[in-house]
Amino acid sequence: MDTELRDTERLAGELLKGKGLRSTSQRRAVLTALVGNPHSTASEIEGRIGVGRGAPGGLSRQGLYNVLEDLTRAELIRCIEPAGSPARYELRVGDNHHHLVCRSCGRIEDVDCAVGRAPCLDLVESKGFAVDEAEITWWGLCGDCRRFTGAGA
């Protein structure tokens with residue numbers, strides 16, 4: 001195991017302990033699989049770490065979903081669910097950012113909040129809710145798909 005991977009797993013262990021979670025090989029493997037791979041689906045994470053025999057701690061597919069749920073609940077990862085797409089996971093949490101999604105290739109990019117604090121938008125009418133967050137997804141064509149299709153901006 002190279003030094004960078006060991007350091008990443010050590011940091012993952014510290015993050016888990018900081019949230020009061022046990023630092024299991026399965027949880028560390030999922031966190032490590034998301035480093036440099038934002039907006040990953042469960043299938044993509046599975047492809048990186050494997051499931052079943054030979055996987056970290058014998059992680060099963062259901063075990064992977066349990067780990068993803070635990071890490072999301074602990075706010076160590078964020079789950080986004082763009083329409084028509086499987087749930088996607090990222091390490092970028094707690095900073096009130098939003099997403100751009102390409103309608104053609106499905107590419108997802110992070111977009112910083114223009115206001116900087118939640119909820120980013122003001123409601124015309126709150127209907128009695130105490131709003132603390134707004135999740136914004138912009139849809140369009142990424143630059144590569146626009147060039148490929150000849151579509152304008």
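Which residue forms a salt bridge with Glu14, and how far apart are the closest N and O atoms? I looked this up in what is a predicted model, and I found that the partner is Arg10, with the closest N and O atoms 2.8 Å apart. I then checked where the two sit: both lie in helix H1, which covers residues 3-18, and they are 4 residues apart, about one turn of the helix. For accessibility I noted that Glu14 is partly exposed at a relative accessible area of 44%, and that Arg10 is partly exposed as well, at 48%.

I next asked how many salt bridges the structure holds, and the count I wrote down is 12.

Among them I looked up Asp110, which forms a salt bridge with Arg92, the closest N and O atoms being 3.5 Å apart. This pair links distant parts of the chain, since Asp110 belongs to strand S5 (residues 108-111) while Arg92 lies in the loop between S3 and strand S4 (98-102), 18 residues apart.

Asp144 lies in helix H5 (residues 143-149) and Arg107 in the loop between S4 and S5, so the pair ties together parts that are 37 residues apart in sequence. Both ends are partly exposed in my notes, Asp144 at 48% relative accessibility and Arg107 with a relative accessible area of 37%.

Turning to the strands, I found an open sheet of 3 strands in the order S1-S3-S2, with antiparallel pairing. Its edge strands are S1 (40-41) and S2 (78-80), each of which pairs on one side only. Between S1 and strand S3 (residues 88-90), which run antiparallel, I recorded 2 bridges, and I noted that Thr41 stands opposite Arg88 in S3.

Last, I looked at the largest pocket, which holds about 370 Å³ of space. It is lined by 16 residues, and those nearest its centre are Glu75, Arg78, Val93, Gly94 and Glu133. Sorted by class, the lining has 5 nonpolar, 5 polar and 6 charged residues.

How values were computed:
Residues are numbered from 1 along each chain as its sequence is written. This is a predicted model: local features need pLDDT of at least 70, side-chain atom pairs count only at pLDDT 80 or more; totals for chains, interfaces and linings use all residues. Side-chain values use heavy atoms; hydrogens and water are left out. Two strands pair if DSSP finds at least two bridges between them. On a 1 Å grid over the protein atoms alone, a cavity is a set of points where a 1.4 Å probe fits but cannot get out, and a pocket is an open set with protein on both sides within 12 Å along at least five of seven lines; lining residues have an atom within 4 Å of a point. Grid points are joined across faces, edges and corners, and a volume is the space filled by probe spheres set on the points. Ala, Val, Leu, Ile, Met, Phe, Trp, Tyr, Cys and Pro count as nonpolar, Asp, Glu, Lys and Arg as charged, and the others, Gly among them, as polar. A salt bridge is a side-chain nitrogen of Lys or Arg within 4 Å of a carboxyl oxygen of Asp or Glu. Buried means under 20% relative accessible area, exposed over 50%, partly exposed in between (1.4 Å probe, protein chains only).
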